[in-house]
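Please find below a short note on the structure shown here.

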Amino acid sequence: MKAIVITQPGGPEVLEIEERPIPLYSANDVLVKVSAAGVNRPDVAQRKGNYPPPPGASPDIPGLEIAGTIVETGAHVTRWKVGDKISALVTGGGYAEYCSVPEGQCLPLPGKLSFIEAASLPETLFTVWSNVFDRGQLKPGVTLLVHGGSSGIGVAAIQMAKAWGAVVYVSAGTDEKCRFCEDLGAAKAINYKTENFVEVIKQITNGKGVDVILDMVGGDYVQGNIKSLANDGRLVMINMMMGKDVQVDLSQVMTKRLTITGSTLRSRDTAFKAAIAQNLEKNIWPLLASGKIRAIINAVFPAEKAADAHTLMESSEHIGKIVLSFE
């Protein structure tokens, strides 16, 4: 099979097409002929040598989400059969013509979505559900602030939280991105280059603050997040693009009874990911099928142009998801 391989740590140019053996699969796995694969920031971090894959994952083929057709099934697989069209969260190896996936991490294509659309969903939807709904305890009527509102995670969080009955605020880096987020359902988008999100949140919540914050920035944003949380608020960290070392005013954490948490998804076991898949299929898949939640695709690249896809990802000029096509 053809695979996009990280030939050495470095820039986008280190991604090259190579011939690799079709991956082996276990009794609880399915083998998928990949039609499309989503591009995510962890792929970029792995390419740079900053995000080693967990044991068992491909060491040099990135890719955390795919869509395609099942071509073989393991002996213990009960739900899926050859010919089923699925999307799936994978631990790695998604940038290839074939990928093995644990049965529980597969989901049917929702509604009439294409492979391209379906490949853009798993990594972001699994991440948002696990962190905003489970760890952040999002409920109808609460307020949520999402940093990076125009990113793949951001556009998923806006739609999922609004559909759940929450009020969503976001930060983004341009007026165009802010308008897009508001058109998508955000009650207010804050241009972090021209506005101070702490001041804006204080103003629009009448000094109360928000109940939940989803942050992928880290660094100096952390103290601003603490200032922006309401009493009993929850700060959920999923990345640290501006740095992992921060200063925190613990007196605010204590007096406001705040919860600071975070997670990474890739290293979690298959049972944990399968449980998220079940929640998504029950609660979010019907909204995708009905069109209430949409797959937001910014650009599609042929697989052999993976380097260009990574260049776009690192530019942060995109709105929504970037996808590789293997068809």
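1. The side chains of Lys321 and Glu65 meet in a salt bridge, with 2.5 Å from N to O; the term denotes a side-chain nitrogen of Lys or Arg within 4 Å of a carboxyl oxygen of Asp or Glu. This pair links distant parts of the chain, since Lys321 belongs to strand S15 (residues 321-325) and Glu65 to strand S4, 256 residues apart. Helices (H or I, at least four residues) and strands (E, at least two) are DSSP runs, numbered from the N terminus.

2. The model is a predicted one, in which local features need pLDDT of at least 70 and side-chain atom pairs count only at pLDDT 80 or more, while totals for chains, interfaces and linings use all residues. Residues are numbered from 1 along each chain as its sequence is written, and side-chain values use heavy atoms, with hydrogens and water left out.

3. Buried means under 20% relative accessible area, exposed over 50%, and partly exposed in between (1.4 Å probe, protein chains only).

4. A search of the whole structure finds 10 salt bridges. One of them joins the side chains of Glu314 and Lys48 at 2.9 Å, N to O. Glu314 lies in helix H11 (residues 306-315) and Lys48 in the loop between helix H1 (41-47) and strand S4 (65-73), so the pair ties together parts that are 266 residues apart in sequence. Glu314 is partly exposed at 29% relative accessibility, and Lys48 is partly exposed at 39%.

5. Asp232 and Arg257 also meet through their side chains in a salt bridge (3.0 Å, N to O). Asp232 is in strand S12 (residues 229-237), and Arg257 is in the loop between helix H8 (250-255) and S13, 25 residues apart. Asp232 has a relative accessible area of 37% and Arg257 one of 45%; Asp232 is partly exposed, and Arg257 counts as partly exposed too. Elsewhere, salt bridges that share partners join Glu18, Arg20 and Asp60 into one network.

6. Helix H9 (residues 270-283) has 14 residues and reaches 20 Å from its first C-alpha to its last, close to the expected 20 Å; the expected span is 1.5 Å times one less than the number of residues. Its buried residues are Lys273, Ala274, Ile276, Ala277 and Leu280. Seen down the axis of H9, the buried residues fall within an arc of 160°, so they line one face of the helix; the arc is that of the directions from the helix axis to the C-beta atoms. The face turned away from this side carries the exposed residues Ala271, Gln278 and Lys282.

7. What do the buried residues of H9 pack against? They pack against strands S5 (85-89) and S7 (106-108) and helices H3 (122-135), H4 (152-163) and H10 (285-290).

8. The largest nonpolar core has 46 residues, and those with the most contacts inside it are Leu125, Leu138, Met160, Leu280 and Ile284. Such a core is a set of buried Ala, Val, Leu, Ile, Met, Phe, Trp, Tyr and Cys residues joined through side-chain atoms within 4.5 Å. H4 gives the most to this core, with 7 residues. A second, separate core of 38 residues includes Val32, Trp80, Ala96 and Ala306.

Conventions:
Contact = heavy atoms within 4.5 Å.
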